Amino acid sequence: MKSIWEERNPIVANLFNPAFCGEVLRVAISNYNKNSSTNFPFAFSFIILPILLHEETRNKMPKTTKTYLFVWVEENDNLFFDFAIRARSMVKYTKEAISFLLMYEKININEDGEIIANDKRNTPIVSEDYAEYNNILKKAEMLGKWLAVTKNVKSIYSFFRILP
């Protein structure tokens with residue numbers, strides 16, 4: 001990760017800027033915490049962006065959480081054959097987004113390594129130009145709820161074929 005913003009490839013800088021990636025994470029974290037008796041596990045941070053920023057995967061997500069996460073992944077197995085590689089390639093952007101959120105006090109990490117979102121209502125931007133942005137944030141809400149139902153980090157990671 002380059003520390004000087006101006007030296008970054010402009011395409012990468014635009015696609016993976018920490019404010020945008022941070023907002024995607026914050027929305028998922030917030031919805032996890034609203035729908036769970038526990039706080040968001042830090043380890044879940046690293047699967048949010050690889051799911052939501054991969055257009056084909058995001059577009060295949062169901063409209064509601066009535067479909068179980070594991071069932072959806074099994075039914076869309078072709079989207080996840082390289083998920084571990086995709087997740088690994090997004091680690092630096094996830095870390096940068098978390099740092100951004102911490103710096104601007106949008107999240108806190110407690111002594112157990114769980115993340116708490118300093119909640120702010122998500123207001124969609126009403127414009128055709130922002131349809132994809134709003135869709136990503138809507139799917140982030142859903143993913144947060146989905147993970148809250150499952151909760152077990154080891155199960156999720158093994159199901160996505162991510163090994164330590």
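1. The backbone nitrogen of F40 lies 2.8 Å from a polar atom of the N33 side chain. This is a polar contact, meaning a pair of N or O atoms within 3.5 Å; within protein, one must be able to donate a hydrogen and the other to accept it, and residues adjacent in sequence count only if both atoms are side-chain atoms. N33 sits in helix α2. At 17% relative accessibility N33 counts as buried (buried is under 20% relative accessible area, exposed over 50%, partly exposed in between, with a 1.4 Å probe and protein chains only).

2. On provenance: this is a predicted model, in which local features need pLDDT of at least 70 and side-chain atom pairs count only at pLDDT 80 or more, while totals for chains, interfaces and linings use all residues. Residues are numbered from 1 along each chain as its sequence is written, and side-chain values use heavy atoms, with hydrogens and water left out.

3. The protein has 8 helices and 3 strands. Helices (H or I, at least four residues) and strands (E, at least two) are DSSP runs, numbered from the N terminus. Read from the N terminus, the order of elements is α-α-β-α-α-α-α-β-β-α-α. The radius of gyration is 15 Å, close to the 15 Å given by the globule rule for 164 residues, so the protein is as compact as a globular protein of that length. That radius is taken over C-alpha atoms, and the rule is 2.2 Å times the number of residues to the power 0.38. The C-alpha trace spans about 40 × 40 × 35 Å along its principal axes. Of the 164 residues, 43% count as buried.

4. Helix α2 covers residues 18-34, which is 17 residues. From its first C-alpha to its last, α2 reaches 24 Å, close to the 24 Å expected at 1.5 Å a residue; the expected span is 1.5 Å times one less than the number of residues. Because 15 of its 17 residues are buried, α2 is largely enclosed by the rest of the structure. The N-terminal end of α2 is capped by N17, with a side-chain oxygen 3.1 Å from the backbone nitrogen of A19.

5. Side chains of opposite charge can pair when their charged atoms come close. The criterion used here is a side-chain nitrogen of Lys or Arg within 4 Å of a carboxyl oxygen of Asp or Glu. By this rule there are 4 salt bridges. The following points take up pairs among them.

6. E132 and R58 meet through their side chains in a salt bridge of 2.8 Å, N to O. The pair links distant parts of the chain, 74 residues apart: E132 is in helix α7 (residues 131-150) and R58 in helix α4 (residues 55-60). R58 is buried, with a relative accessible area of 2%, whereas E132 is partly exposed at 45%.

7. A salt bridge also joins the side chains of D77 and R161, at 2.5 Å, N to O. D77 lies in the loop between α5 (69-75) and α6, and R161 in the segment after α8, so the pair ties together parts that are 84 residues apart in sequence. D77 is partly exposed, with a relative accessible area of 34%. R161 is partly exposed at 41%.

8. The D82 and R86 side chains form a salt bridge of 3.7 Å, N to O. D82 counts as partly exposed at 29% relative accessibility, and R86 is buried at 11%.

9. Two backbone angles should be noted. R161, in the segment after α8 (153-159), has a phi near 65 degrees, a positive value in a residue other than glycine. E105 likewise has a positive phi, near 55 degrees, and is not glycine. E105 is placed in the loop between α6 and β2 (107-109) and counts as exposed at 59% relative accessibility.

10. L102 belongs to helix α6 (residues 83-103) and is partly exposed at 35% relative accessibility.
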